Each structure stands twice: as C-alpha cells, then as structure tokens.
Amino acid sequence: MIQGKKYLLVLDDIWNESEQKWFELKNLLMGGARGSKIMITKRDSTLAVEISNMTSLITLKGLSESNSWSLFKKVAFVDGIEPANPKLIQLGKEILVKCGGVPLVIRHIGRLLYIQKSEEEWISFKNNQLLEVIRQDQDMMSTLKLSYNHLPSNLKQCFAYSCLLLKYRLIHKDELIQQWLAQGFVQSLNGSKSMEDIGNKYFMELCWRSFYENF
C-alpha cells in the first residue's frame with residue numbers, strides 16, 4: 001500500500017525494544033517515497049540501535065508552573081475556585097511541585113485531594129502517600145495504583161474487570177455496564193434508581209477520577 005507513496009506513520013507509546021523487530025519494520029517501510037516520515041512517541045528516551053541512528057529526538061517538557069496550577073485548581077477544588085484557606089493553596093502548590101508537570105499525574109492527585117477536604121488530610125497526603133510515589137521516581141503506575149487504592153470497593157471491582165477486555169479496544173459504555181450488572185458488581189441500596197442508572201453513575205465517577213475517557 002505504501003510502495004512509492006509518501007507517508008506519515010505515527011507509532012504512539014512504543015514499548016518494544018527488540019532490535020530485530022525494528023530491523024524488520026524498517027525493511028517494510030523502505031519502499032515509501034522520499035520525504036516519508038515516521039514519528040514515534042515513548043515514555044523514555046531509549047531506542048533500539050536500528051532506529052536511533054536515523055532519529056531526531058525531541059524531549060517534551062512538563063507543563064509550566066502556571067499551567068500546572070491552572071489544571072490542578074480545576075480538579076482539586078470545587079468549581080475550580082481557589083479556597084479561602086491560604087494554607088490549602090500553599091499545600092497544593094507544594095504537592096504540585098512533586099508532580100513534575102505531568103498532566104495525568106496532576107489530574108489523579110488533584111482528584112484524590114478533591115475528596116479530602118481538611119488541611120490535616122492534605123498534610124497527611126503530602127507526608128505519606130505522595131512521599132511513597134516520589135520514592136518510586138514518579139513512576140506513572142505508582143500514581144495510578146495510589147488512585148486505585150483510594151477507590152471505593154464497588155468501583156475497584158468495576159475497574160479491575162477492565163483487565164479482561166481487549167487492550168486498545170474501544171469500550172462501549174452501555175455494553176460495559178451490562179457486563180458489570182451480569183457480574184453483580186452494581187448494587188442498589190434503596191431501589192430508588194434503576195440498576196442501569198447506578199451503573200452509569202459508577203462509570204461517570206471512574207471517568208471523573210481519570211480511569212476512563214468518555215468520548
């Protein structure tokens with residue numbers, strides 16, 4: 001399909017470091033016209049030798065301090081408005097420094113703090129859970145695990161079920177909710193709402209906590 005044609009190939013979030021795999025891919029792509037481009041995104045700067053020899057590396061920086069704070073306010077404070085308590089603002093900025101300008105980390109940590117209202121809870125978070133994440137070199141999985149550990153048990157069940165679904169497959173919300181219902185993950189406390197409505201509430205809360213993206 002690409003023989004003799006100019007193409008732009010985007011390979012997003014690459015993990016494979018096999019030099020042999022890259023060599024095989026390069027051979028497949030050599031038939032394109034001059035001027036063809038390949039763009040690769042990775043979470044680190046390591047590349048297989050075969051591709052590093054023909055690559056210009058651009059390292060993306062984290063968000064600026066002002067943009068980081070703007071995002072943090074939206075997710076950590078009610079209606080995105082800074083609270084009247086100046087100590088919470090100070091704590092928020094101190095916590096934000098440790099997020100390294102990474103939007104997903106800021107969103108997850110901001111959502112965790114949103115449900116912790118008191119100054120004491122924010123101090124405890126900064127001195128305990130946040131410190132544990134930093135010890136792991138701001139590994140994204142440690143941040144996600146921290147967020148997962150703070151989920152209510154019913155939402156933990158629902159999100160953990162996602163591991164049974166095909167990777168990179170778009171998930172249809174209604175279909176997923178029906179599967180939750182079939183597994184008995186959705187519980188009605190007083191019967192005032194339908195099970196589907198409760199399942200939808202579960203889904204929207206997981207979206208709010210940045211575990212799903214709702215398109």
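In the predicted model described here, L9 stands opposite I38 in strand β2. Strand β1 (residues 8-11) and strand β2 (residues 37-40) pair in the parallel sense over four bridges, where pairing requires that DSSP finds at least two bridges between two strands. Together with helix α1 (residues 19-29), β1 and β2 make a right-handed β-α-β unit; a crossover is right-handed if, with the strands pointing away from the viewer, the path from the first strand over the helix to the second runs clockwise.

Residues are numbered from 1 along each chain as its sequence is written. As the model is predicted, local features need pLDDT of at least 70, side-chain atom pairs count only at pLDDT 80 or more, and totals for chains, interfaces and linings use all residues, while side-chain values use heavy atoms, with hydrogens and water left out.

The secondary structure of the chain comes to 11 helices and two strands; helices (H or I, at least four residues) and strands (E, at least two) are DSSP runs, numbered from the N terminus. Along the sequence the pattern is β-α-β-α-α-α-α-α-α-α-α-α-α. Of the 215 residues of the chain, 28% count as buried, meaning under 20% relative accessible area, with exposed set at over 50% and partly exposed in between (1.4 Å probe, protein chains only). Among contacts (heavy atoms within 4.5 Å) between residues at least 6 apart in sequence, 66% join residues at least 24 apart.

Helix α3 (residues 65-76) has 12 residues, which at 1.5 Å a residue should span 16 Å, and its end C-alpha atoms are 16 Å apart, in agreement; the expected span is 1.5 Å times one less than the number of residues. Buried residues in α3 are S68, W69, F72, V75 and A76. They cover an arc of only 135 degrees around the axis, which puts them on the same side of α3; the arc is that of the directions from the helix axis to the C-beta atoms. The face turned away from this buried side carries the exposed residues S66 and K74. Cover for the buried residues of α3 includes α4 (86-97), α5 (103-114) and α6 (119-127).

The largest nonpolar core has 19 residues, and those with the most contacts inside it are F72, I95, I109, L113, W122 and F125. A nonpolar core is a set of buried Ala, Val, Leu, Ile, Met, Phe, Trp, Tyr and Cys residues joined through side-chain atoms within 4.5 Å. Helices α3, α4, α5 and α6 are the elements that give two or more residues to this core. Another core, of 17 residues, lies apart from it and has W180, F203, L206 and F211 among its members.
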